[in-house]
Amino acid sequence: MGCGPSKLSMTGLLGRADWAFVLGWLRGPGCFTGRVSSLGLLQDHVEYMGSAARVILVPSIRDAHHDFVFPQPAFSIHPLDLRHQIRSLTNPGMFDANEVKVGCRTVDVIKELSGEMISRNPKDGSSRDRMTAIINHILSQRRNVVVIHLVGFYPLYPPAEGISLDLSLAPEALEVSTIPDVLILPSDLASFVKVLSFGGRNEGEEQVKCIGVNPGRLAKGEGGGHFVELNFHESPDKSSISVIHI
């Protein structure tokens with residue numbers, strides 16, 4: 001059996017719609033063949049990893065071969081022999097991995113909120129972590145869908161330019177029903193890992209912790225990017241996380 005992660009989350013974009021060669025590929029007969037070939041390579045890798053390996057595929061609205069709408073349906077793929085090992089998730093979506101709840105979405109809400117957010121430093125002169133504040137916005141507003149439709153996975157209304165947000169399709173898909181143990185938020189901004197705490201301020205209230213992760217992009221232009229390796233042990237405080245540059 002090969003050595004490697006038991007859970008692999010692959011978040012889009014997997015084939016950018018604005019790449020010239022992708023546009024040409026879509027117009028030609030190789031589109032379907034290319035998708036089947038890519039899936040075959042992924043199946044080969046899962047077989048090499050062994051029966052315990054699981055792959056989660058999450059689409060992006062910038063994927064040239066998928067629906068341009070948010071919330072976004074899962075990829076329509078059905079591996080014949082490895083259906084239980086390769087799973088396609090909605091965007092946004094939640095999944096469980098060995099009793100660890102993981103949330104993810106591929107719209108760059110970190111970059112969008114960073115450009116829209118206005119804040120000031122506390123009176124004591126201390127600085128506030130901007131990325132931590134953004135993740136707090138996402139999770140603290142996870143059930144607020146009143147009046148202006150501020151929702152957890154996309155707490156920005158009206159949406160940023162280029163985001164085909166359609167709340168008539170499945171508004172509940174944007175709700176974060178519970179705080180996940182891990183929240184994956186891929187962004188063009190610099191990679192980071194944050195451990196956040198929620199609750200516990202009032203007597204008898206349980207404190208919940210969440211690991212917020214921006215793994216960055218696996219590829220940047222013609223060069224390599226970053227990915228994140230996570231070893232989760234019982235709780236965020238006992239877990240180890242590494243941002244790895246390619």
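I started with helix α3 (residues 109-116), where Val109, Ile110, Glu112, Leu113 and Ser114 are buried. The model is a predicted one. I then looked up what covers these buried residues of α3; the cover includes α4 (130-140), β7 (192-198) and β8 (208-214).

Next I went to strand β5 (residues 100-104). I counted 4 of its 5 residues as buried, so β5 is largely enclosed by the rest of the structure.

I checked the partners of β5. Strand β4 (residues 93-97) is joined to β5 by 5 bridges, and the two run antiparallel. In this pairing I found Gly93 opposite Cys104 of β5. The hairpin of β4 and β5 has 2 residues between the strands, and Asn98 takes a positive phi there, near 55°.

I also followed β5 to strand β6 (residues 182-184). Here 3 bridges join them, and the strands run parallel. Val102 stands opposite Val182 in β6.

Then I turned to the surface. Leu218, Phe227 and Ile246 form a nonpolar patch, with about 290 Å² of accessible area together. I placed Phe227 in strand β11 (residues 226-233).

My last entry is Ser51. I found Ser51 in the loop between α2 (30-49) and β2 (54-58). Ser51 is exposed, because its relative accessible area is 55%. I also looked up Gln85: Ser51 and Gln85 are 34 residues apart in sequence, and their C-alpha atoms are 7.7 Å apart in space.

Terms used. Residues are numbered from 1 along each chain as its sequence is written. This is a predicted model: local features need pLDDT of at least 70, side-chain atom pairs count only at pLDDT 80 or more; totals for chains, interfaces and linings use all residues. Side-chain values use heavy atoms; hydrogens and water are left out. Buried means under 20% relative accessible area, exposed over 50%, partly exposed in between (1.4 Å probe, protein chains only). Patches are made of residues with over 30% relative accessible area and no salt bridge: like charges are joined within 9 Å, nonpolar side chains (Val, Leu, Ile, Met, Phe, Trp, Tyr) within 5 Å. Accessible areas come from the Shrake-Rupley method with a 1.4 Å probe; for residues, only the protein chains shown count as cover. A salt bridge is a side-chain nitrogen of Lys or Arg within 4 Å of a carboxyl oxygen of Asp or Glu. Contact means heavy atoms within 4.5 Å. Two strands pair if DSSP finds at least two bridges between them.
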